[in-house]
Amino acid sequence: MQNNLQHSNLKKFLSITIAATGLVLLIANLFGKDTASIISLTLYIPVTVSLVVVSIIISKRFGFKGDHGKAWILFLIFAILWFIAERISLYYNLTLGEELFPSEADAFWLAGYPFLFVFTIFYIKPMKGMITKKIIFVALAISIIVLTSTLYITYDQNIGTNLLEFSTAIAYPIADAIILVPAIIGMMLFLGGRVNFLWSLMCIAIIFETIADTGYLFAALDDTYYQGHAVDVLFIWYYVIFTFGVYHHITIFKDHRKDPYKNIEDLR
Amino acid sequence: MLDATGIEIKKALMTISLEEALLEIGRPVLDEVAYSLYVNYQCFIPDCLDHPEYLKQVLQELYGDGCSNIIKSIHKHLDGFASMQEIEEFLLAISPITIHSYQPR
């Protein structure tokens with residue numbers, strides 16, 4: 001009962017946060033690119049910090065032992081790498097007044113993907129016996145549809161552009177499509193369970209990220225991207241959704257030493 | 001010194017197997033399962049030998065369909081003792097196929 005209420009409140013708060021961040025960036029764009037840029041850069045700070053904070057809490061709770069302990073450590077590394085990437089991006093925006101592409105930030109963003117991928121593998125590892133060929137097929141099919149759509153849309157953009165720029169930009173949707181496979185497997189595997197909320201959110205966030213990366217690819221290649229562009233709202237939502245997913249996990253795996261029954265050791 | 005009865009030994013075996021299976025995932029998972037058993041059913045882990053349906057329900061609520069593999073892991077740990085009647089009944093009761101038809105003693 002209490003869990004359901006907490007879950008419902010969390011969903012409401014997530015919806016409000018998503019609506020508020022979207023609205024703020026939309027209004028900022030009405031005031032011009034400079035305002036949108038300042039607001040966007042400001043929004044990135046709390047969302048990335050929140051993700052690192054919740055990742056530290058959950059990693060600390062699980063420790064190094066067990067498959068999920070290892071998984072959360074890997075997730076923390078991913079969150080830190082993306083946090084560093086965002087700070088590098090902020091630095092370039094503040095010092096140069098524009099975002100370099102590709103830059104050192106891209107190295108950190110791309111380095112984060114393997115850690116996120118291995119996180120998903122370690123998380124679903126204890127349930128690997130339940131992964132059927134059908135689940136793998138569905139996950140692969142969805143991922144391939146997403147990837148081919150992105151590649152098809154961006155194919156024409158390849159002509160006449162810098163190869164390094166293009167290959168860096170195209171690496172993101174490919175990495176997203178790869179991450180999407182275990183995320184869908186996890187979502188199907190934990191169907192009906194409380195941990196499913198994280199996996200559902202993870203799938204939604206990755207789909208947002210894929211759309212954002214494809215949008216960014218277009219904008220970056222034809223030089224129309226600016227900090228605070230419409231695609232930035234999807235990147236911000238990605239952090240927000242992940243943060244809520246991890247926070248929900250913290251509420252599931254609470255530290256029960258402070259809870260009603262006096263001594264957890266009595267239960268063993 | 002008190003002598004452990006047969007049923008206490010079986011409860012201990014089941015508890016150790018469950019703890020091992022859950023600790024392979026992570027300590028907070030074991031804590032959450034123990035806590036949910038206590039809060040929802042006023043039951044401790046050793047009591048699950050008599051009420052396997054509680055354990056099954058708690059695992060199902062936490063991991064959904066994915067809990068079947070945790071149950072498989074418990075099976076693996078307890079297989080060597082499956083000749084004992086209570087353990088056999090416990091294993092049958094938590095197995096995904098029999099849970100709905102199982103009636104606790």
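The following legends describe close-up views of a predicted model. Local features need pLDDT of at least 70 and side-chain atom pairs count only at pLDDT 80 or more, whereas totals for chains, interfaces and linings use all residues. Residues are numbered from 1 along each chain as its sequence is written, chains are lettered from A in the order in which they are written, and side-chain values use heavy atoms, with hydrogens and water left out.

**View 1. Nonpolar surface patch of chain A.** Leu23(A), Leu26(A), Ile27(A), Leu30(A) and Phe31(A) together present about 570 Å² of accessible area. Patch members have over 30% relative accessible area and no salt bridge, nonpolar side chains being joined within 5 Å; areas follow the Shrake-Rupley method with a 1.4 Å probe. Leu30(A) belongs to helix α1 (residues 2-30) of chain A, helices being DSSP runs (H or I) of at least four residues. Its relative accessible area of 70% makes Leu30(A) exposed (exposed, over 50%; buried, under 20%; partly exposed, in between).

**View 2. The second largest pocket.** This pocket has a volume of about 440 Å³. Of its 17 lining residues, Glu98(A), Glu99(A), Tyr225(A), Tyr226(A) and Gln227(A) are the closest to the centre. A pocket is an open set of points on a 1 Å grid where a 1.4 Å probe fits, with protein on both sides within 12 Å along at least five of seven lines; lining residues have an atom within 4 Å of a point. Helices α2 (33-62), α3 (66-95) and α7 (196-221) of chain A each contribute at least two lining residues, and α2(A) gives the largest share, four residues. The lining comprises seven nonpolar, four polar and six charged residues.

**View 3. Salt bridge between Asp67(A) and Lys125(A).** The N to O distance of this side-chain pair is 3.2 Å (a salt bridge places a Lys or Arg side-chain nitrogen within 4 Å of an Asp or Glu carboxyl oxygen). Because Asp67(A) lies in helix α3 and Lys125(A) in the loop between α4 (104-124) and α5 (133-154), the pair ties together parts of chain A that are 58 residues apart in sequence. Asp67(A) is buried, at 11% relative accessible area, whereas Lys125(A) is partly exposed, at 35%.

**View 4. Salt bridge between Glu86(B) and Lys10(B).** The closest N and O atoms are 2.9 Å apart. Glu86(B) in helix α5 (residues 85-94) and Lys10(B) in helix α1 (residues 6-23) of chain B are 76 residues apart. Both residues are buried.

Key
Patch = residues over 30% accessible without salt bridge, like charges linked within 9 Å, V, L, I, M, F, W, Y side chains within 5 Å. Buried < 20%, exposed > 50% of the residue type's maximum accessible area, 1.4 Å probe, protein only. Points joined across faces, edges and corners; volume = space filled by probe spheres on them. Nonpolar A, V, L, I, M, F, W, Y, C, P; charged D, E, K, R; others polar.
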